[in-house]
Amino acid sequence: MLTTVSDKGQVVIPVEIRRRLGITPGCQLDFSLEGHVIHAEVKRQVTQTTAEDGFGMLVCTRPGKRRLADFDVALAMRETNDDRP
């Protein structure tokens, strides 16, 4: 499989290779040089997550019923800044 090196030294790993090795965004590759041959080894594979994977990570301890539609991001940020010493 032939690919072209960009001006920044970047290359695109063909999709067939990425799928076979499980290379996804965030994976780390370790490069080594042996003569005129470049070796790339997948060192860390990152499991892709979804928004649902974070469900329950944030907890609001304020009493009362809340609805997402009532949430005002700007107001929450102002309240957070007002709480700082």
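What radius of gyration does the chain have, and what would a compact globule of 85 residues have? The chain has 23 Å, whereas a compact globule of 85 residues would have a value near 12 Å. The radius is taken over C-alpha atoms, and the globule rule is 2.2 Å times the number of residues to the power 0.38.

Before I continue, a word on the source. This is a predicted model, in which local features need pLDDT of at least 70 and side-chain atom pairs count only at pLDDT 80 or more, while totals for chains, interfaces and linings use all residues. Residues are numbered from 1 along each chain as its sequence is written, and side-chain values use heavy atoms, with hydrogens and water left out.

Let me stay with the overall form. Along the principal axes, the C-alpha atoms fill a box of roughly 65 × 30 × 20 Å. Of the 85 residues, 4% count as buried, where buried means under 20% relative accessible area, exposed means over 50%, and partly exposed lies in between, with a 1.4 Å probe and protein chains only. Turning to contacts (heavy atoms within 4.5 Å), I consider those between residues at least 6 apart in sequence: 5% of them join residues at least 24 apart.

The secondary structure consists of two helices and two strands, in the order α-β-β-α from the N terminus. These are DSSP runs, numbered from the N terminus, with at least four residues (H or I) for a helix and at least two (E) for a strand.

I turn now to the strands. S1 (residues 28-34) and S2 run antiparallel and are joined by seven bridges; strands pair if DSSP finds at least two bridges between them. Phe31 has Ala40 of S2 as its bridge partner. Two residues lie between the strands of this hairpin, and Gly35 there takes a positive phi near 65°.

Val37 belongs to S2, which covers residues 37-44. Is Val37 buried or partly exposed? Val37 is partly exposed, because its relative accessible area is 43%. Between Val37 and Gly54 there are 42 Å in space, C-alpha to C-alpha, for 17 residues in sequence.

Finally, the surface. Phe71 sits in the loop between S2 and helix H2 (73-83). With a relative accessible area of 52%, Phe71 is exposed. The chain as a whole exposes about 8,500 Å², of which carbon and sulfur atoms supply 56%; accessible areas come from the Shrake-Rupley method with a 1.4 Å probe, and for residues only the protein chains shown count as cover.
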